[in-house]
Amino acid sequence: MEQTILGKTNRTVSAVGLGTWQLGADWGNVSESDALAVLAASEDAGVTFLDTADVYGDGRSEQAIGAFLRSRGDGHGITVATKMGRRMEQVPENYVMENFRAWTDRSRKNLGTDTLDLVQLHCPPSATVTSGEVYDALDTLVAEGAIAAYGLSVETCGQALAAIARPNVATVQIILNAFRLKPLDEVLPAAREAGVGIIARVPLASGLLSGKYTAATTFAGDDHRNYNRDGSHFDVGETFSGVDYSVGLEAAGRFADLAAGLDFTATTAQAALAWVAQLDGVSTVIPGARSAEQAVANAAAGSLPDLGGAFTASVRGIYDEFLRADIHPRW
Ligand SMILES: NC(=O)c1ccc[n+]([C@@H]2O[C@H](COP(=O)([O-])OP(=O)(O)OC[C@H]3O[C@@H](n4cnc5c(N)ncnc54)[C@H](OP(=O)(O)O)[C@@H]3O)[C@@H](O)[C@H]2O)c1
């Protein structure tokens with residue numbers, strides 16, 4: 001597994017991490033034993049970075065991680081990034097010290113740790129991203145030892161650039177995959193320049209980039225891919241990366257052909273993950289996994305050979321043909 005430095009946290013983490021939204025909710029039922037199996041399989045496969053949030057299963061994802069880390073004892077070497085800010089309405093007046101303390105205290109309890117490794121504001125409004133008082137409060141939490149570092153998970157490239165410009169922001173999490181190329185224009189260069197780590201989320205476009213779905217595919221009733229395709233429940237752009245499903249199927253088919261043409265063996269999902277992980281400026285990529293098998297396959301993408309410039313040119317070609325006009329101006 002390739003290793004990277006996670007921005008200003010100065011921690012070494014695996015190039016492929018694990019997203020743990022699936023271990024909480026919104027993806028159909030994932031049992032507690034399945035959640036622990038996903039975490040164990042990931043660690044065995046070399047994953048040392050876990051992304052969670054206080055709202056995933058209203059704390060269940062954090063609690064599963066806490067239980068898992070306790071079972072591993074001290075010195076497990078895993079970095080956990082959690083998120084805060086979505087347990088209340090996302091309005092600027094809620095991003096204040098009193099709430100930050102309450103939210104981080106709850107996450108510390110769930111995760112069973114005195115100091116959280118990394119806390120990310122969970123897609124806050126733009127006015128919060130540019131508020132000096134917010135960063136002062138976060139700096140205070142670091143000084144008090146409640147958190148070791150902080151970052152932001154953002155929706156737009158403009159928000160990412162505003163966060164990167166702040167001196168103590170360690171990481172920025174943003175959607176980045178073969179269907180969402182806009183961060184390549186300005187965000188990755190700015191992050192490299194500032195030493196801010198980029199955490200690439202939704203790297204498989206909610207699974208579309210595995211190439212396994214068809215027009216006939218169905219999802220469980222409580223899976224967000226049923227009810228949030230248009231962003232009606234949470235952000236536009238999270239489910240299937242905001243890509244129209246039928247357009248996404250066509251583009252995913254072209255991406256699968258590209259992956260099949262590699263001169264080494266990789267599944268379509270592994271090629272999609274490796275392509276993001278290998279971008280200069282990306283610290284770690286956090287695919288969600290619903291089973292140990294998916295977790296192991298995804299981790300293996302972190303040690304694939306260089307996909308090469310021609311692959312990237314073809315990814316850009318697919319993006320330009322199917323997606324750019326609709327996706328690029330939106331964020
Ligand atoms: N606002 C935010 O900050 C925010 C928002 C969204 C996500 N995130 C974070 O980013 C993480 C990743 O995003 P995501 O989970 O939404 O989407 P994703 O990683 O793009 O897609 C995950 C889905 O891809 C499929 N998959 C995974 N591994 C596979 C494999 N090896 N082969 C075939 N299919 C595979 C699974 O679909 P099936 O279930 O169909 O098998 C899985 O549920 C989340 O877990 C979360 O930690 C953060």
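**Close-up views of a predicted model**

View A. Ser 206 counts as buried, since its relative accessibility is 7% and the cut-off for burial is under 20%. The model shown here and in the other views is predicted. The loop that holds Ser 206 runs between strand β9 (197–201) and helix α8 (224–227). Although Ser 206 is not a glycine, its phi is positive, at about 60 degrees.

**View B. Asp 58 and its backbone angle.** Asp 58 sits in the loop that links strand β4 (49–51) to helix α2 (60–72). The phi angle of Asp 58 is near 50 degrees, which is a positive value in a residue other than glycine.

**View C. Residues around the ligand.** The ligand is surrounded by 32 residues. The closest of them are Asp 51, Ser 153, Leu 204, Tyr 213 and Arg 290. For Asp 51, an N or O atom of the side chain lies 2.7 Å from an oxygen atom of the ligand. For Tyr 213, the distance from a polar side-chain atom to an oxygen atom of the ligand is 2.6 Å. For His 122, an N or O atom of the side chain is found 3.4 Å from a nitrogen atom of the ligand.

**View D. Ser 107 in helix α3.** Helix α3 spans residues 97–111 and includes Ser 107. The relative accessibility of Ser 107 is 1%, so Ser 107 counts as buried. The side chain of Ser 107 makes a polar contact of 2.8 Å with the side chain of Glu 62. Beyond its neighbours within four places in sequence, Ser 107 touches Asp 54, Glu 62, Thr 82 and Leu 116.

**View E. Ser 61 in helix α2.** Ser 61 belongs to helix α2. With a relative accessibility of 0%, Ser 61 is buried. When neighbours within four places in sequence are set aside, the contacts of Ser 61 are Thr 20, Leu 23, Gly 24, Thr 52 and Tyr 56.

**View F. Packing of helices α9 and α10.** Helix α9 covers residues 245–260 and helix α10 covers residues 268–277. Their axes cross at roughly 85 degrees and come within 9 Å. The two helices are therefore roughly perpendicular, because that class takes angles from 65 to 115 degrees. On the α9 side the contact is formed by Phe 255, Ala 256 and Ala 259, and on the α10 side by Thr 268, Ala 271 and Ala 272. By class, the residues of this contact are five nonpolar, one polar and no charged.

**View G. Packing of helices α6 and α7.** Helix α6 (residues 157–164) packs with α7 at an angle of about 10 degrees, and the axes are 10 Å apart. The pair is therefore roughly parallel, because angles under 35 degrees fall in that class. Helix α6 contributes Cys 157, Ala 160, Leu 161 and Ile 164 to the contact, while α7 contributes Val 187, Ala 190, Ala 191 and Ala 194. This contact between α6 and α7 consists of eight nonpolar residues, with no polar and no charged ones.

**View H. Arg 192 in helix α7.** Arg 192 is part of helix α7, which runs over residues 187–194. A relative accessible area of 42% makes Arg 192 partly exposed, as it lies between the cut-offs of 20% and 50%. Apart from residues up to four places away in sequence, Arg 192 touches Asp 280 and Gly 281. With Asp 280, the side chain of Arg 192 reaches the backbone oxygen at a distance of 2.9 Å.

**View I. Tyr 227 in helix α8.** Tyr 227 is located in helix α8. The relative accessible area of Tyr 227 is 25%, so the residue counts as partly exposed. From Tyr 227 to Ser 314 the C-alpha to C-alpha distance is 32 Å, and the two are 87 residues apart in sequence.

Definitions and conventions. Residues are numbered from 1 along each chain as its sequence is written. This is a predicted model: local features need pLDDT of at least 70, side-chain atom pairs count only at pLDDT 80 or more; totals for chains, interfaces and linings use all residues. Side-chain values use heavy atoms; hydrogens and water are left out. Axes are lines fitted to C-alpha atoms, for helices over the stretch in contact, and angles run from 0 to 180 degrees between N-to-C directions. Helices (H or I, at least four residues) and strands (E, at least two) are DSSP runs, numbered from the N terminus. Angles under 35 degrees count as roughly parallel, over 145 as roughly antiparallel, 65 to 115 as roughly perpendicular and the rest as oblique. Contact means heavy atoms within 4.5 Å. Ala, Val, Leu, Ile, Met, Phe, Trp, Tyr, Cys and Pro count as nonpolar, Asp, Glu, Lys and Arg as charged, and the others, Gly among them, as polar. Buried means under 20% relative accessible area, exposed over 50%, partly exposed in between (1.4 Å probe, protein chains only). A polar contact is a pair of N or O atoms within 3.5 Å; within protein, one must be able to donate a hydrogen and the other to accept it, and residues adjacent in sequence count only if both atoms are side-chain atoms. A residue is near a molecule or strand if one of its heavy atoms lies within 4 Å of it.
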